[in-house]
Amino acid sequence: MNLVMVTTARRLSGAFPFLVSPFVLGCGADPDPAPAPDVPAISWEDCGGGFECATFSVPVNHDAPDGRTFSLPLVRRPAAVPSSRIGSLLVNPGGPGGSGVGWARAAQIALPEPLKDRFDLVGFDPRGQAGSTPTIDCVDDLGPLIGLDPTPDDDAERAALLAGADAFAAACKARSGDLLSFVGTNHIARDMDLLREALGDEKLTYIGFSYGTFLGTVYAEAFPERVRALVLDGAIDPTVTGDAFIKGQALGFEGELEAFLADCAAKTSCAFHSGGDPWAAYDAVKAAVEASPLPAPPGGTRTLGPGELLYGVSQPLYNKSQWKFLAQALALAAAGDGSGLLEFSDAYVARSADGTYGTSFEVYYGVTSVDLAFPADPQVYQALTTELQVKAPRIGIYLPATALPSARWAFSPWRSNAPISADGAPPILVVGSTGDPATPYPWAVSLAAQLSSGVLLTREGPGHVSFLRGNTCIDQATTDYLVDLKVPPQGTTCK
């Protein structure tokens with residue numbers, strides 16, 4: 001599973017997508033730049049905290065607009081200085097599966113004043129995701145899928161891994177098969193253009209994080225003349241295939257884990273300092289989990305296996321502010337208690353204390369599996385696992401197995417991987433972090449080079465995405481661009 005998926009609240013607090021992908025718009029339905037004849041009006045109602053809420057109806061099939069519809073939740077915080085209002089600022093926090101409604105409510109506190117003064121902040125939940133109706137849904141219990149061993153040791157374990165992926169893909173087809181051909185980013189981009197028009201904006205102003213950068217890129221390719229300003233933060237390279245995407249993330253998370261362990265080794269205050277050798281201590285925890293799942297906690301009914309270890313370690317690697325909690329969870333695991341890492345894993349896969357799950361995990365597969373081309377041959381992922389045994393043995397080695405549901409998906413991708421130029425669009429700001437584990441920095445460099453009007457802005461440092469991460473240089477450059485359309489010099493680096 002793609003590790004771009006980080007929830008909005010966690011991104012802001014210290015934020016799960018997974019896993020996250022024009023271009024030759026070569027497969028499936030293409031975004032149609034022609035406007036719909038009738039765009040529904042939006043009826044806003046006060047919903048507290050200075051926000052207004054509404055729902056927005058879009059056709060399931062844009063080529064058959066009189067058929068079924070998706071109902072998309074919206075939230076808006078009007079510009080604080082109406083006399084200086086520029087228009088709407090749409091946001092997408094990533095995933096796929098993240099809630100734009102939730103992000104807007106949480107982020108408005110941290111937004112720079114010029115953005116709050118001059119834009120209506122508008123969040124929406126994309127079709128099939130978060131609070132939209134209907135929503136992608138596959139299974140009630142994700143435990144069996146998450147509990148599979150991602151590095152099987154024998155033929156029986158390999159067969160179980162493939163059977164689990166097949167069962168999950170089949171369940172998605174059985175429950176949501178009537179939607180899964182219509183949840184790709186090509187359709188969401190057309191929804192976003194209808195929303196732009198309904199909001200009364202001649203052109204789109206937008207911030208997309210992580211997977212949201214792909215949505216912005218698809219929009220720019222389809223509607224370049226309708227772009228005012230796009231910030232693509234934590235960029236996805238649309239030229240990568242599914243297996244290359246997974247490999248990039250595997251190496252990215254491995255690198256971030258190494259940075260965490262080096263930081264912990266240098267600080268005696270780190271809970272996982274382990275006498276200055278947290279690498280050996282981590283390897284011991286991993287070996288123990290591989291040998292037999294850890295009780296979580298001892299005496300309880302739940303355990304921490306290799307699958308949960310993957311998500312439990314990856315989730316706090318999104319943001320350096322979470323490293324101290326990762327150290328505490330690993331120290332617990334070293335003492336035989338997997339509950340700290342299991343708590344992180346549960347947060348990643350949206351498991352509640354009562355054992356129920358949110359739909360973000362299923363949404364990720366539903367969208368990513370038709371946005372990216374994943375090779376169907378399981379030997380591709382076995383070979384990648386073998387390669388990562390050398391290059392990324394601590395955490396990256398687990399990622400190839402997460403691609404298997406997409407490799408077994410019943411619905412074909414709508415596109416082929418190819419560069420995107422978005423010819424005719426105004427300057428587009430692409431932001432990349434040198435230490436981003438989920439959307440590795442080379443992807444931002446690649447996307448900025450592909451876009452005819454791409455401008456690369458770099459943050460030196462760890463963590464996923466860069467805006468609102470406490471870097472004044474990034475925040476100021478982004479704000480100046482959104483408000484005044486002033487782009488930083490090409491290749492600007494914020495340290």
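I first looked up the largest nonpolar core of this predicted model, which has 119 residues, and found that Leu90, Phe260, Phe272, Leu341, Trp409 and Val430 touch the most other members. I took a nonpolar core as a set of buried Ala, Val, Leu, Ile, Met, Phe, Trp, Tyr and Cys residues joined through side-chain atoms within 4.5 Å, with buried meaning under 20% relative accessible area (1.4 Å probe, protein chains only). Helix H8 (residues 242–265) gives the most to this core, with eight residues. I noted that another core, of 29 residues, lies apart from it and includes Ala229, Val455, Phe467 and Leu482.

I recorded the conditions. Residues are numbered from 1 along each chain as its sequence is written, and side-chain values use heavy atoms, without hydrogens and water. Local features need pLDDT of at least 70 and side-chain atom pairs 80 or more, whereas totals for chains, interfaces and linings use all residues.

I next examined the sheet. Strand S11 (residues 454–462) runs parallel to S12, joined by three bridges, and I found Thr492 of S12 as the bridge partner of Leu457.

I finally consulted the UniProt record: an unreviewed entry annotates residues 89–467 as "domain: AB hydrolase-1", and such annotations may be inferred rather than shown by experiment. Over residues 89–467 I read 46% helix and 12% strand, with the end C-alpha atoms 15 Å apart.

Conventions
Helix = DSSP H or I, 4+ residues; strand = E, 2+ residues; numbered from the N terminus. Buried < 20%, exposed > 50% of the residue type's maximum accessible area, 1.4 Å probe, protein only. Pairing = 2+ DSSP bridges.
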